[in-house]
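Here are some notes for your read-through of this entry. Please go through them with the structure open.

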Amino acid sequence: MTLVEIAEKLSLETFTANPDLSRPVLSGYASDLLSDVMANAGPGAVWLTLQTHQNVVAVASLKELSAVILTGGRRPEDATLKKADAEGVIILGSGDSAFDLAGRLFSLGLRSEG
Amino acid sequence: MGAGDFRHAGEISTELRNNLKKLNFPPDIIRRASIASYEAEINLVIHSKGGWFQYRVTMDRIEFVVRDRGPGIPDINLAMQEGYSTASVEVRDMGFGAGMGLPNIKKNADRFRITSGKDGQTVLEFRINVRWPGDRRMPVYIDW
């Protein structure tokens, strides 16, 4: 599965300026605790979170995640977006809650382990 | 590093990760070094009054020494317990302070040592041994 398929099927908003949506998505992870994501998210995962601050970018970059999906209609802070663009981190968004979004990704075949 | 400097937190670890990638270090080593390094960096920002973050990379190990200006950890055994944290509500709301930092570092390191005390300076040292694929030599390390 690629980001473009997910973005289309779930009607995700794209915050990143020129995202490479051909990136593969290998798994999914939902958590708002950064240490939990650092410890347990797989590489190539989409990460569902309500955190919008800059450290989301550091975690996504270090873990080589496929993309960050902000849930509940949240938008990234300006500084977050700037940092994401600089580090090649893709930030998407959805009006759905993390629960609903995870459910929809699960039915598309995505699991927490790639 | 400055206390409460969330803006730059994670940058040292990102730079380290990028350098290790350029040097073609094994992916598992890079993953473990990134996690441990990030947690140590975040600890400095969240808990300390500022401090110093040093790492040294050689072919057979990645070593970290993280020192701060205090305020010290009164009970290290408690701090090592998963889920225990003294982080503020504001910091927790940002997704930090889950009480996983030190345990995560220990889990990913081959050597781990922390010394501290109430009103003292905390010194955290950890090391990741590097095994290169195809290298069957047993590594010999001098213990601390």
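1. Which residue forms a salt bridge with B:Asp60? The partner is B:Arg61, and the closest N and O atoms are 3.9 Å apart. Keep in mind that this is a predicted model. B:Asp60 is partly exposed, because its relative accessibility is 36%. B:Arg61 has a relative accessible area of 16%, so this residue is buried. The cut-off for buried is under 20%.

2. B:Arg56, B:Asp60, B:Arg61 and B:Glu63 are linked in a network of salt bridges. Over all chains, the salt-bridge count comes to 13.

3. Chain A has a salt bridge between A:Arg75 and A:Glu13, with the closest N and O atoms 3.2 Å apart. This one joins distant parts of the chain, the two residues being 62 residues apart. A:Arg75 sits in the loop between strand E4 (67-70) and H4 of chain A. A:Glu13 lies in strand E1 (residues 13-14) of chain A. Is A:Arg75 buried or exposed? A:Arg75 counts as exposed because its relative accessibility is 52%, and the cut-off for that class is over 50%. A:Glu13 has a relative accessible area of 38%, so this residue is partly exposed.

4. A second pair to check in chain A is A:Arg104 with A:Asp96. They form a salt bridge whose closest N and O atoms are 2.5 Å apart. A:Arg104 is partly exposed, with a relative accessible area of 33%. A:Asp96 also falls in the partly exposed class, at 22% relative accessibility.

5. Look next at A:Ser94. This residue is in the loop between strand E5 (91-93) and helix H5 (98-107) of chain A. A:Ser94 is buried, because its relative accessible area is 8%. Which residues does A:Ser94 touch, leaving aside those up to four places away in sequence? They are A:Leu12, A:Ile69, A:Leu70, A:Thr71, A:Gly72, A:Gly73 and A:Leu101.

6. Now the contact between the chains. Chain A puts in 20 residues and chain B puts in 22 residues. About 1,700 Å² is buried between chain A and chain B. Carbon and sulfur atoms give 53% of that area.

7. How many salt bridges are counted between chain A and chain B? The count is three. A:Lys83 forms a salt bridge with B:Glu11, with 3.4 Å between the closest N and O atoms. Polar contacts between chain A and chain B come to 12 residue pairs, both residues being at pLDDT 80 or more.

8. Which helices of chain A each supply at least two residues of the side that touches chain B? They are helix H2 (34-40), helix H3 (55-62) and helix H4 (78-87). H2(A) gives the most, with six residues. By class, this side of chain A has seven nonpolar, seven polar and six charged residues.

9. Helix H5 (residues 101-108) of chain B is largely enclosed by the rest of the structure, because six of its eight residues are buried. Those buried are B:Gly101, B:Leu102, B:Pro103, B:Asn104, B:Ile105 and B:Asn108. What covers them includes H2 of chain A. From chain B, the cover includes helix H2 (27-47), helix H3 (76-79), strand E3 (111-115) and strand E4 (123-129).

10. Last, chain B as a whole. The chain has five helices and four strands. From the N terminus on, they run α-α-β-β-α-α-α-β-β. The radius of gyration of chain B is 15 Å, which agrees with the value near 15 Å for a compact globule of 144 residues. Along the principal axes, the C-alpha atoms of chain B fill a box of roughly 45 × 30 × 25 Å. Buried residues make up 48% of the 144 residues in chain B. Among contacts in chain B with a separation of 6 or more, 59% are between residues 24 or more positions apart.

Terms used: Residues numbered from 1 in each chain as written. Chains lettered and ligands numbered in written order. Predicted model: local features only at pLDDT ≥ 70, side-chain atom pairs only at ≥ 80, totals over all residues. Heavy atoms only, no water. Contact = heavy atoms within 4.5 Å. Buried area = accessible area lost by both parts, 1.4 Å probe. Salt bridge = Lys/Arg side-chain N within 4 Å of Asp/Glu carboxyl O. Polar contact = N/O pair within 3.5 Å; in protein donor to acceptor, adjacent residues only side chain to side chain. Nonpolar A, V, L, I, M, F, W, Y, C, P; charged D, E, K, R; others polar. Rg over C-alpha atoms; globule rule 2.2 N^0.38 Å. Buried < 20%, exposed > 50% of the residue type's maximum accessible area, 1.4 Å probe, protein only.
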